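The sequence and structure come next.

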There are 4 protein chains.
Amino acid sequence: MKRYLGYWQKEIDEWLQQHEKPYWEPLSILARITEEVGEVARLLNHLYGDKPKKLTEASQELDQEIADVIYALICLANREGIDLDAAMVKVLNKVKTRDKDRFKKKSSTP
Amino acid sequence: MKRYLGYWQKEIDEWLQQHEKPYWEPLSILARITEEVGEVARLLNHLYGDKPKKLTEASQELDQEIADVIYALICLANREGIDLDAAMVKVLNKVKTRDKDRFKKKSSTP
Amino acid sequence: MKRYLGYWQKEIDEWLQQHEKPYWEPLSILARITEEVGEVARLLNHLYGDKPKKLTEASQELDQEIADVIYALICLANREGIDLDAAMVKVLNKVKTRDKDRFKKKSSTP
Amino acid sequence: MKRYLGYWQKEIDEWLQQHEKPYWEPLSILARITEEVGEVARLLNHLYGDKPKKLTEASQELDQEIADVIYALICLANREGIDLDAAMVKVLNKVKTRDKDRFKKKSSTP
């Protein structure tokens with residue numbers, strides 16, 4: 001199988017392997033994931049929720065905040081020896097099966 | 001039943017009822033809870049995890065960060081008309097039943 | 001100062017002190033908080049979000065799910081020796097100061 | 001630039017575009033992210049934390065739970081028109097700059 005998420009898994013691993021302790025302990029990585037999801041939540045609440053709007057910074061940072069979460073998730077996957085592309089294949093199969101009759105499809109016209 | 005969490009529920013409600021829109025929408029409050037839990041995670045990772053230590057601020061702020069989460073949870077409960085003391089009674093009953101044989105008790109000496 | 005959240009802190013501590021290891025490690029408690037907030041998120045998404053509705057269970061469980069988060073937060077506070085009522089006083093002062101001119105007050109009529 | 005995360009962004013978009021409402025509202029996607037991170041937390045607490053061990057299921061599911069979070073993050077990015085590969089490039093640059101002197105490098109031997 002080709003590497004997609006695997007490309008980023010390898011990029012990150014090659015960088016971290018230069019450090020004495022490449023990966024944090026799992027519960028520390030989890031704390032980081034929780035912290036970074038909190039940052040995504042803060043921005044989305046400014047952009048779409050009831051939190052008073054800050055005019056500028058929010059939108060342009062959202063890409064970074066989402067990528068920060070993915071970075072932390074990739075660290076966790078690398079530490080645990082998980083192949084994320086294989087996992088994504090399984091998730092997409094699950095979603096397509098589960099959602100088959102759950103959401104309304106666009107009607108096909110004759 | 002006496003009011004414990006109910007005391008804070010009432011304090012917060014009396015303050016917020018002075019505003020034109022006392023409570024945010026539920027998904028906005030949830031985003032706030034997520035953001036505040038992220039702050040708790042950041043501090044705990046400094047204090048107990050693999051995140052490089054910042055020497056000063058962390059410990060003295062943890063009390064505030066935990067209370068920020070509880071504040072947001074109380075806002076959600078108030079908006080939904082939930083009696084948190086009644087809910088805590090049920091949770092404690094659940095925990096005591098579930099954990100009866102799950103964790104090791106201190107041995108009682110004769 | 002009277003005990004409000006302190007009442008529940010004491011109730012929970014008296015129960016847990018009967019166990020050989022009363023409190024989990026902080027990062028384990030944090031993982032539990034994250035898990036329980038996830039349960040709140042699941043229910044709110046059913047009730048107010050785009051997640052397909054389940055008709056029955058959601059609403060009556062929300063009180064339990066919120067209290068589960070508070071239970072875990074109290075465990076963290078107890079382990080860290082935090083007085084939550086004192087922390088709530090500080091949070092309410094902060095909120096009242098910060099929000100003084102931030103949200104629209106109900107207009108007072110003469 | 002080549003597509004790595006972009007491959008999965010496109011796969012997911014092609015699937016969801018067949019639905020009448022391809023993407024949820026942002027705060028609903030956020031609630032889903034929070035829920036799925038909660039599932040990761042639950043498993044990691046079983047595997048590495050103080051939560052009593054369940055012997056079997058945990059390890060083999062972690063790959064799925066991490067991928068569930070990434071799936072939800074990709075939905076958010078797609079809805080917001082974010083190029084995740086470009087965002088990852090920026091995150092890796094940030095990490096490499098920030099961490100340059102922050103963590104101990106493996107000593108290079110002559």
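## Chain D on chain A

In this predicted model, chain D superposes on chain A by a rotation of 180°, with 0.0 Å of shift along the axis. The RMSD is 0.0 Å. That is the relation of a two-fold axis. Which residue of chain D comes closest to the rotation axis? Tyr4(D) does, with its C-alpha at 2.1 Å.

The contact between these two chains takes 45 residues from chain D and 45 residues from chain A. On the chain D side, the elements giving two or more residues are H1, H2 (26-48), H3 (57-80) and H4. H3(D) gives the most, with 13 residues. By class, the side of chain D that touches chain A has 30 nonpolar, five polar and ten charged residues. The copies meet through the same surface, because 100% of the interface residues of chain D are also interface residues in chain A.

## Chain C on chain A

Chain C is also brought onto chain A by a rotation of 180°. The shift along this axis is 0.0 Å, and the RMSD is 0.0 Å. In chain C, Leu27(C) has the C-alpha nearest the axis, 3.1 Å from it. The same surface serves both copies here, as 100% of the contact residues of chain C recur in chain A.

How many residues does each chain bring to this contact? Chain C gives seven residues and chain A gives seven residues. On the side of chain C that touches chain A, four are nonpolar, two are polar and one is charged.

## The fold of chain A

Chain A has four helices and zero strands. From the N terminus on, its elements run α-α-α-α. Of the 110 residues in chain A, 44% are buried. Take the contacts in chain A with a separation of 6 or more: residues 24 or more positions apart account for 77% of them.

Helix H2 of chain A covers residues 26-48. Is H2(A) mostly covered or mostly exposed? H2(A) is mostly covered, with 21 of its 23 residues buried. At 1.5 Å a residue, the 23 residues of H2(A) should span 33 Å. The end C-alpha atoms are 32 Å apart, which agrees.

In chain D, the axes of H1 (residues 5-16) and H4 (residues 84-98) come within 7 Å. They cross at roughly 150°. The cut-off for roughly antiparallel is an angle over 145 degrees, so H1(D) is roughly antiparallel to H4(D). H1(D) makes the contact with Leu5(D), Gly6(D) and Gln9(D). H4(D) makes it with Leu84(D), Asp85(D) and Met88(D). By class, this contact has three nonpolar, two polar and one charged residues.

Chain C also has a contact between H1 (residues 5-16) and H4 (residues 84-98). Their axes are 7 Å apart and pack at an angle of about 150°. H1(C) and H4(C) are therefore roughly antiparallel to each other. From H1(C) come Leu5(C), Gly6(C) and Gln9(C). From H4(C) come Leu84(C), Asp85(C) and Met88(C). The contact of H1(C) with H4(C) has three nonpolar, two polar and one charged residues.

## Trp8 of chain B

Trp8(B) sits in helix H1 (residues 5-16) of chain B. Is Trp8(B) buried or exposed? Trp8(B) has 25 C-beta neighbours inside 10 Å. A residue is buried at 20 or more, so Trp8(B) counts as buried.

Which residues does Trp8(B) contact, leaving aside its neighbours within four places in sequence? Within chain B, there is Ile74(B). From chain C, there are Tyr4(C), Leu5(C) and Met88(C). Of these, Leu5(C) and Met88(C) also take part in the contact of H1(C) with H4(C). Glu35(B) is 27 residues from Trp8(B) in sequence. In space, Trp8(B) and Glu35(B) are 21 Å apart, C-alpha to C-alpha.

Technical notes. Residues are numbered from 1 along each chain as its sequence is written. Chains are lettered from A and ligands numbered from 1 in the order in which they are written. This is a predicted model: local features need pLDDT of at least 70, side-chain atom pairs count only at pLDDT 80 or more; totals for chains, interfaces and linings use all residues. Ala, Val, Leu, Ile, Met, Phe, Trp, Tyr, Cys and Pro count as nonpolar, Asp, Glu, Lys and Arg as charged, and the others, Gly among them, as polar. Copies are superposed by least squares on the C-alpha atoms of residues with pLDDT of at least 70 in both. The expected span of a helix is 1.5 Å times one less than its number of residues. A residue is buried if 20 or more other C-beta atoms lie within 10 Å of its own, exposed if 12 or fewer, and partly exposed in between; C-beta atoms are placed from the backbone. Axes are lines fitted to C-alpha atoms, for helices over the stretch in contact, and angles run from 0 to 180 degrees between N-to-C directions. Angles under 35 degrees count as roughly parallel, over 145 as roughly antiparallel, 65 to 115 as roughly perpendicular and the rest as oblique.
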